[in-house]
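Visitor: Could you take me through the pockets and the packing in this structure? I'd like to know what you mean by your terms as we go.

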Amino acid sequence: MRNRIKKSTAPHEQTGASRRKFLSGAAAGTAAAATMGFPAIARAQGPTNFRFQSTWPTVDIFHEFALDFAKKVNDMTGGDLKIEVLPAGAVVPAFGLLDAVSKGTLDGGHGVLGYNYGKQNALALFSSGPAFGMDANMVLAWHKYGGGKELLAKLYDAIGGNVVSFLTGPMPTQPFGWFKKPITKTEDLKGLKFRTNGLAIDLFTEMGAAVNALPGGEIVPALDRGLLDGAEFNNAASDRALGFPDVSKVCMLQSFHQASETFEIMFNKDKYNALPTQLKAIVDNAVEASSADMSWKAVDRYSQDYQRLQKEDGVKFYKTPDTILQQQLIVWDQIVAKKAETNPLFKEIDASQRAFAARAMAWDMDTNNNRRMAYNHYFGRKAPQAKS
């Protein structure tokens, strides 16, 4: 019996010794690999799951843009970081996104800076107003290369926003709005119950409107019940999906109130900072990839719905008169001057944008063609040929 026990335990001892030898050898091998410059194999930590919320209803193309961003991250990380995007109201109201992300109730979100205007009015400078003539893509250029990103981080620190913010998705000039009848002069705005957001609230208030800020999903019901006389949201695809043509057949195009808005993708700062460096790099690149893809998709989808609104829904589009556009610029300058007097960050951001725009706009206008000329050449009405 004693011999049998000894024989039965000998293989176990040999296996244990072999295992210790293997582990020590593996450790030595890892150290040698590191010394020789070969990467060590990291132990899998499992996927990180982030719960996001957009500020958009599911029917809006904006929510689709949020889903597109999440898919790019999920695909590029191979599932190591998984972002789930919920629609507006799933966890918090649309205007409550910043607080929810900052507190960690949500890990992140997709929205616009104008919705945070009440926290610090300088935030709206990234999304409202004429931006000295820059389009949204130029505003993104200022944000990345002209100091805007650092100023936005400074703004969030000033209000205790525990978030990491990325700007993305250049939007085209937004319509003046939807109305019961065409707006032909500034006086038509006097007493008009109108929906907008951000610093456009101040702009249209100064121009005589009674302004009410509502999230996207609440605008059409308010128009339908007569709580609003007019409203703006964003673009042909969103406006059509939200039901604007069901309550109005008049849309005024072109305005300086939101001529260069962009989207914001935000993360809870603690959750974002805990990500490995590689995943942070993927997020950064996914933001820019989705920004480009969004701008291309917008051209395709917005132009389709612009046609449908006219041909299928009977909407009449009118160009906003130049007299109203000029008055918007005048009133905007007055608003900016007042706010800069009491808000040093507002003044700093406005000056930074102005300096970048002075250089970028001069280059842009001198370099790029007038597209209207080419459009008229190819698609404008042709004069009938004279009969021989």
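Guide: Let me begin with a term: on a 1 Å grid over the protein atoms alone, a pocket is an open set of points with protein on both sides within 12 Å along at least five of seven lines, and a lining residue has an atom within 4 Å of a point. Please also keep in mind that this is a predicted model.

Visitor: Fine. Which residues lie nearest the centre of the second largest pocket?
Guide: Leu 140, His 143, Lys 144, Leu 167 and Glu 288 lie nearest the centre of that pocket, which is lined by 17 residues, and its volume is about 350 Å³.

Visitor: And which element gives the most to that lining?
Guide: Helix H4 gives the most to the lining of the second largest pocket, with 6 residues, while the elements that give two or more residues are H4, S4 and H11. By class, the lining divides into 8 nonpolar, 5 polar and 4 charged residues.

Visitor: How much space lies in the largest pocket?
Guide: About 2400 Å³ of space lies in the largest pocket. Its lining has 46 residues, and the closest to the centre are Pro 172, Thr 173, Gln 254, Arg 371 and Arg 372.

Visitor: Which elements give two or more residues there?
Guide: They are helix H4 (136-145), helix H8 (236-242), S9, H11, S11, helix H13 (344-367) and helix H14 (371-379). Of these, H11 gives the most to the lining of the largest pocket, with 7 residues, and the lining as a whole divides into 27 nonpolar, 13 polar and 6 charged residues.

Visitor: S9 and S11 came up; how are they joined?
Guide: Strand S9 and strand S11 (residues 316-319) run parallel and are joined by 4 bridges, with Val 250 standing opposite Lys 316 in S11. S9 (residues 250-253) is also joined to strand S5 (residues 177-179) by 3 bridges, this time antiparallel, and there Phe 179 stands opposite Val 250.

Visitor: Switching topic: what is the strand order in the open sheet?
Guide: The open sheet of 5 strands has the order S2-S1-S3-S10-S4, with mixed pairing. Neighbouring strands of this sheet are turned by 20 degrees against each other on average, direction ignored.

Visitor: Why is one side of S2 and of S4 left without a neighbour in the sheet?
Guide: Strand S2 (81-86) and strand S4 (163-170) stand at the edges and each has a single partner strand, so one side of each has no neighbour in the sheet.

Visitor: How do S1 and S3 pair?
Guide: Strand S1 (residues 48-54) and strand S3 (residues 108-111) run parallel, with 3 bridges between them, and the bridge partner of Gln 53 in S3 is Gly 109.

Visitor: What packs on this sheet?
Guide: Helix H5 (residues 148-158) packs on the sheet, touching S4 and S10, and its direction makes about 135 degrees with that of S4. Helix H2 lies across S1, S2, S3 and strand S10 (262-268), running at about 170 degrees to S2.

Visitor: At what angle do H2 and H11 pack?
Guide: Helix H2 (residues 61-76) and helix H11 (residues 277-311) pack at an angle of about 140 degrees, with their axes 9 Å apart, and H2 passes H11 in a right-handed crossing. The contact includes Phe 65, Asp 68 and Phe 69 of H2, and Ser 290, Asp 293 and Met 294 of H11. By class, the contact residues divide into 13 nonpolar, 2 polar and 6 charged.

Visitor: Which element gives the most to the lining of the largest cavity?
Guide: H11 gives the most to that lining, with 5 residues. The lining of the largest cavity divides into 5 nonpolar, 5 polar and 3 charged residues.

Visitor: What lines the second largest cavity?
Guide: Its lining includes Trp 56, Phe 62, Arg 195 and Glu 261, and by class it has 6 nonpolar, 3 polar and 2 charged residues. The volume of the second largest cavity is about 70 Å³.

Key. Residues numbered from 1 in each chain as written. Predicted model: local features only at pLDDT ≥ 70, side-chain atom pairs only at ≥ 80, totals over all residues. Heavy atoms only, no water. Axes fitted to C-alpha atoms, helices over the stretch in contact; angles between N-to-C directions. Left-handed = near helix turned anticlockwise from the far one by under 90°. Contact = heavy atoms within 4.5 Å. Nonpolar A, V, L, I, M, F, W, Y, C, P; charged D, E, K, R; others polar. Pairing = 2+ DSSP bridges. 1 Å grid on protein atoms, 1.4 Å probe; cavity = no way out; pocket = protein on both sides within 12 Å on 5 of 7 lines; lining within 4 Å. Points joined across faces, edges and corners; volume = space filled by probe spheres on them.
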